[in-house]
Amino acid sequence: MADLETFRRETKSWLEANAPASLVGQIGNELEGTWGGRKATWPNPDAKRWLDVMAARGFTAPTWPKAYGGGGLEPAEAKVLAQLLRELRLPPPLIGFGLTMIGPTLLRFGSEEQKTLHLPRICRGEIRWCQGYSEPGAGSDLASLQTKALRDGDHFVLNGTKVWTSYADQADWIFALVRTNPTAKKQEGITFLLVDMDTPGVSVSPILLISGKSPFCETHFQDVRVPVANVVHQIDAGWTVAKALLGHERTMIADAFGGAGPRPDKKGGRSYLAELAASKLGEEQGRIADPIFRDEVAAFEMESRAFALTVQRTKDAARAGHQPGSESSMFKIYGTELNQRRYELLVRLLGPDALGWEGPGFDEADLEITREWLRSRGNTIEGGTSEVQLNILAKHVLGLPS
Amino acid sequence: MQLVLTEEQELIAATARDFVAASSPVSRFRALRDAGDPLGYSPALLREMGELGWLGIAFDEKQGGAGLGLAELVLVVEALGRSLAPEPFVGGLALGGFALALGASPALQSAWLPGVLEGRKVVALAHQEPGSRHALTRIGTRAVASGSGFRLTGAKSQVLDGFGAEAVIVPARTAGGGDDRSGITLFLVGKDAPGLASERAIRVDSRNAAQLHLDGVVCGPESIVGKLGEGASLLEAVVDRATVVLSAEMLGGMAAVFEQTLSYLKTREQFGVPIGSFQALQHRAAQVYMEIELARSSVMAAARSVDAGETDAAKLVSLAKARCSGAYLLAANEAVQMFGGVGMTDEYDVGFYLKRARAAELTFGDAAYHRQRWARLGGY
């Protein structure tokens, strides 16, 4: 414990000395965070400085081994670091699927060469990754995927299409599931492959969503040659890797939707939601004037808090050495449904002000809420539908028969 | 706050669970109900629990307790809740015991607390009146000054664990009216006090509760628990603790009835297959599982927060009670539905859980009440 206090003290003064003042109060979410990569742009050069200084200390991937560019921190130390960042209102220096999805997967399944090559480049924000899982014909039934990988000497030749490849247009590498054995049982002919997006034959086209914008793309492979050395784990054993990675993805989604806890409110003050409700609906004797909305705001806040506490409980248990189970499915369901409820409530609080599509006559923040409401409808579909997660809970946690 | 059990807490939980499984199956509760037992619980088993140290877990060592906290007490109560053990932990220990520990004079404490923590005596607290619903300060019982003391007149309803109790702590108005927070005073009234009439209330959950009538009951100044006219905050602090204890009991009940449901889903066959293979039931079972997990986190957080005296402890207590109210009812309703026809029969135990879930929901405020409280505490 004394060591942890020392770590807290030293890290705090280091952060205070090194964090650019212009970043205080910035949010590191999907829209505003630093994703890095070869195509990265830096509207605020301080964001680049923040990335570099944190990466040099291993703090972009705090718990990864130092040998691969991580910080080598114990889980308890990493929790302290995260707390300090929140306390000092600093955004994470780097976000993205390299840190949350492919990195942890390579640490567990990657060859030494793969780890040495890819992990440091992820930590330094040099390479941005995207995910090639779903296909036009393989959604919830992911294992029926058909992207072909034919062996040709020490290469595979890829042909097929991946869909819902988030940010593929800005990514440098893609991790993809491909079919290497068309005759085996469907889960047993799949291989997990790392592909440089600069390879000839890779092309990307964007997908427009109902929200009017979208990070999603289709990624096409036409006679793309990929070295056999880019196979993660073993040929035809990609399903094992894929499932493990889906666990990381579900945890990431849950964290993004409130699992990391509510944003700290002003001391003793109202939450953002309560303040918005009070400003839109008026107040009577210090209460939100509309008792039904007041009740709904409270119900939502309480559900969020209970969810955040449950995510915390799982993390605390993991730190104490308990084996994690299939809880990530629960977090995926609950986190995404909460996010949907949040935006449902927000648009109804805005009332007619929520009906704008673009200016003039509408407030910028209100327009954002409307777009995010539409976007949130996809949360319970992407990353494994709620129904697929319920299947996983029923079978693997509750032990109900097939 | 760490939401994980320490080794010591794991041990307490395992011991309690083993003891309850061996000494208090649901059939014991059923037998008490069938016999129309006036107390509705076993005084001998209560004493045994006192000897095991369970009653004193959350009380200071100088008061005869173990010096631990709610974080440990909830583990024992959860185990009791699993098999619907009706011993007086909520009304007797949590309401009466904590009121004595937090508010009583040293003289009252030494007269009553040892007996309570050893399981020899029950001291209840009358937190409810006819028509008061969940409002703790809506008190019509009046305490009129008389000589050096007071005369209490009024009625108290559903005094938990109050029938056969050695004493009852009675909140009464020494001033004010309506829902006023000021002017409330708590008095300890012995069971044989002239003017006190106690009658067993027969409730849907078969648990011990009393209806009290006070007709000029004389109380001296030495019987005041807490401060004259300032009993509201003591009452709220005590009920908050009792709410955490009740929530823990609910957590045990919902977990147990859900386990029984899962087991039924795996064995009951229709159409030639176990009914648990149907996706319609699987998804509903998974929903119940998630609600129980959220309820568990909330109870753990509330207990730790009250123990640590954190500023948002009251919010977390409301969170725990609201989550447990919803989750226990969901688990019990789904149990009856998934058991099908037999779930409706008195022969099966699931109905007991449904009745207890409803009774617990409507004790110390339902989910709607606690949402209102959360909003008020959140400044809106």
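The centres of domain 1 and domain 3 of chain A lie 26 Å apart, taken over C-alpha atoms. Keep in mind as you browse that this is a predicted model.

**Domains of chain A**
- Chain A is split into three parts: domain 1 covers 2–95, domain 2 covers 129–236 and domain 3 covers 260–397.

**A cis peptide bond in chain A**
- If you are checking omega angles, stop at the bond from A:Gly359 to A:Pro360, which is cis with omega near -5°.
- A:Pro360 sits in the loop that links helix H9 (327–350) with helix H10 (364–376) of chain A.

- A:Trp164 has phi near 60°, a positive value in a residue other than glycine.
- This tryptophan, A:Trp164, belongs to the loop between strand E3 (155–163) and strand E4 (173–179) of chain A.
- A:Tyr167 is likewise not a glycine, and its phi is positive at about 60°.
- A:Tyr167 is also placed in the loop between E3 and E4 of chain A.
- Is each of these side chains buried or exposed? A:Trp164 has a relative accessible area of 43%, so it counts as partly exposed, the class between 20% and 50%.
- A:Tyr167 has 11% relative accessibility, and because buried means under 20%, it counts as buried.

**Fold and dimensions of chain B**
- Chain B contains 11 helices and 10 strands.
- Along the principal axes, its C-alpha atoms fill a box of roughly 80 × 45 × 40 Å.
- What radius of gyration does chain B have? The value is 21 Å, and a compact globule of 380 residues would have one near 21 Å, so the two agree.
- Of the contacts in chain B between residues at least 6 apart in sequence, 74% join residues at least 24 apart.

- Buried residues account for 60% of the 380 residues in chain B.
- The accessible surface of chain B is about 14,200 Å², with 53% of it belonging to carbon and sulfur atoms.

Definitions and conventions
Residues numbered from 1 in each chain as written. Chains lettered and ligands numbered in written order. Predicted model: local features only at pLDDT ≥ 70, side-chain atom pairs only at ≥ 80, totals over all residues. Heavy atoms only, no water. Domains from an automatic or database assignment. Helix = DSSP H or I, 4+ residues; strand = E, 2+ residues; numbered from the N terminus. Buried < 20%, exposed > 50% of the residue type's maximum accessible area, 1.4 Å probe, protein only. Rg over C-alpha atoms; globule rule 2.2 N^0.38 Å. Contact = heavy atoms within 4.5 Å. Areas by Shrake-Rupley, 256 points an atom, 1.4 Å probe, with all protein chains shown as cover.
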